[in-house]
Amino acid sequence: MIHNMYFSEEQIKTRREQISSLWNTVLKSNDAILIHSGEPIQKPGGLDSTYPFLPHPSYFWLTLRRRETEVLLYSRDLGWIEFHKEISNEDIFWEGEKNDILVSSPGKNINSLKNFLESQHFSRIFYLGQAKDASPEAFELRTLLDKTRRKKDALEVSFIRHIAEVANYGYQKIASVLKPGITEREVQIAYESEIFRKGADTVPYETIVGSGSNSALLHALPSQKIIKENEFVLVDAGADIFDYCVDITRTFYSSGEMSSQHKDLYSIVLKAYHECVAMSKAGVFWRDVHIHSAKVITEGLLQLGILKGNLSDLIEKEIVSLFYPHGVGHLVGLRVRDTGQEENLNPKTYFGARLRVDLELEENHLITVEPGCYFMPAILESAHQQKEFYDDINWDELKKWHNIGGVRIEDNILIKKDGNENLTNRIAKTE
């Protein structure tokens, strides 16, 4: 299988050595950490029916195993010990062997874990993975693991490149079928069927397809809406193999060359995209990338005559939040949101957006850059917004843009020692 070209026992050993050296600065000799893979989640009213099982990413990263009811134990004295669930005949009949990337030799039986813990008389036990422990030490241990996982190793990068190629086939298929008269749902089907043919296991999130005014909906689920002439079609779609994934957005035009109005809006977002990608490098604070994207979009809307007044005043008032309500990007790679930033206990908002991550970029971080600009009449026409920004918006001009929808452009950027590498750049975008 292709996956075994990218992962190995040696990689697991290296990962465990990385994190254990950090944990050993926090742990006492008689402490233990338990990293839980998790349990299947029952569907509401589904009796014995469960959602497809996803191992906790911390457990998966340290084992490359995808099985439920497993625990990985670590202590300074004992090292790493795996506890596995014994597969019953019933499991084999119903589901067969689990499809792991890497299955090591059987660990200890999970049923022996309780007695094992009692026999070792650990002074403290910390629970990670699909388990909760509010103790400050567990928080510190999780943070150390998150910071380690954020930095993608060479094999992870190679695997994500492969997944990006799979997604590329899907976007090529969209470009070949997209035309007025087909539905948003048909775009979704064209994309997903192609990536599945090329080896994707699943999609990392529900595929977003929004045409016309729907392209302003940040999470527009594809419908039977027919795509019309001369409108934007925003597609935010990824590909996933064993929880590793890419997260990509392209904004297409449904017919021929863009109208001048569509081109003007697209050009603003494209400018923000290019400048934010260029900014994304080690030592840069992510909030500064977001702030720059908000300033570029504010300036663009002022140049179009939608906003009026002094640029610095408009920036200070954060008026762009009406048109650009989300952050410029998030960590990606192992799951679509990757580690997040749990250690950021007091997240701040910048231009109306609460950033998913507010950290200093480091070498081997993988992060999305995805500025956007959207016209949502329900927001723009609200009495509150019209009162607050009455003197800052050219309301007559704005009405001409109500039905144009929105634009977002997104790629996955690997931070390098000098600059960055765009892992999803082969997926064509309108320039």
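Biologist: Why is threonine 69 called partly exposed?

Modeller: This is a predicted model, and in it threonine 69 has a relative accessible area of 22%; buried means under 20% and exposed means over 50%, so threonine 69, at 22%, is partly exposed. Threonine 69 is placed in the loop between helix 2 and strand 2 (71–75), and its phi is near 55°, a positive value in a residue other than glycine.

Biologist: What makes phenylalanine 351 count as buried or exposed?

Modeller: Its relative accessibility is 8%, and the limit for buried is under 20%, therefore phenylalanine 351 counts as buried. Phenylalanine 351 sits in the loop between strand 9 (349–350) and strand 10 (353–354), and its phi, near 55°, is positive in a residue other than glycine.

Biologist: How does the reach of helix 7 compare with what is expected?

Modeller: Helix 7 (residues 184–197) has 14 residues and reaches 20 Å from its first C-alpha to its last, close to the expected 20 Å. Its buried residues include Val187, Ala190, Tyr191 and Ile195, and the elements that cover the buried residues of helix 7 include helix 6 (154–177), strand 6 (208–211) and strand 7 (232–241). Just after helix 7, glycine 199 takes a positive phi of about 120°.

Biologist: Why is threonine 183 counted as buried, although it lies in the loop between helix 6 and helix 7?

Modeller: The relative accessibility of threonine 183 is 10%, and since buried means under 20%, threonine 183 counts as buried. Leaving aside neighbours within four places in sequence, threonine 183 is in contact with Ser223, Gln224, Lys225, Ile226 and Ile227.

Biologist: What makes serine 58 and leucine 145 buried?

Modeller: Serine 58 has 5% relative accessibility and leucine 145 has 1%; the limit is under 20%, so both count as buried. Serine 58 is in helix 2 (residues 57–63), whereas leucine 145 is in helix 5 (residues 136–150). Not counting residues up to four places away in sequence, serine 58 touches Ile35, Leu145 and Arg149, while the residues that leucine 145 touches include Ile19, Trp23, Ser58 and Leu128.

Biologist: Which residues have the most contacts inside the largest nonpolar core?

Modeller: That core has 58 residues, and those with the most contacts inside it are Trp23, Ile33, Tyr171, Val235, Ala239 and Tyr244. The largest share of this core, nine residues, comes from helix 6. A second, separate core of 52 residues includes Leu314, Leu322, Phe351 and Cys373.

Biologist: What is the volume of the second largest pocket, and which residues are closest to its centre?

Modeller: The second largest pocket has a volume of about 470 Å³, and of the 19 residues that line it, His219, Asp236, His330, Arg337 and Arg356 are the closest to its centre. By class, its lining has nine charged, five polar and five nonpolar residues.

Notes:
Residues numbered from 1 in each chain as written. Predicted model: local features only at pLDDT ≥ 70, side-chain atom pairs only at ≥ 80, totals over all residues. Heavy atoms only, no water. Helix = DSSP H or I, 4+ residues; strand = E, 2+ residues; numbered from the N terminus. Expected span 1.5 Å × (residues − 1). Buried < 20%, exposed > 50% of the residue type's maximum accessible area, 1.4 Å probe, protein only. Contact = heavy atoms within 4.5 Å. 1 Å grid on protein atoms, 1.4 Å probe; cavity = no way out; pocket = protein on both sides within 12 Å on 5 of 7 lines; lining within 4 Å. Points joined across faces, edges and corners; volume = space filled by probe spheres on them. Nonpolar A, V, L, I, M, F, W, Y, C, P; charged D, E, K, R; others polar. Core = buried A, V, L, I, M, F, W, Y, C linked by side-chain atoms within 4.5 Å.
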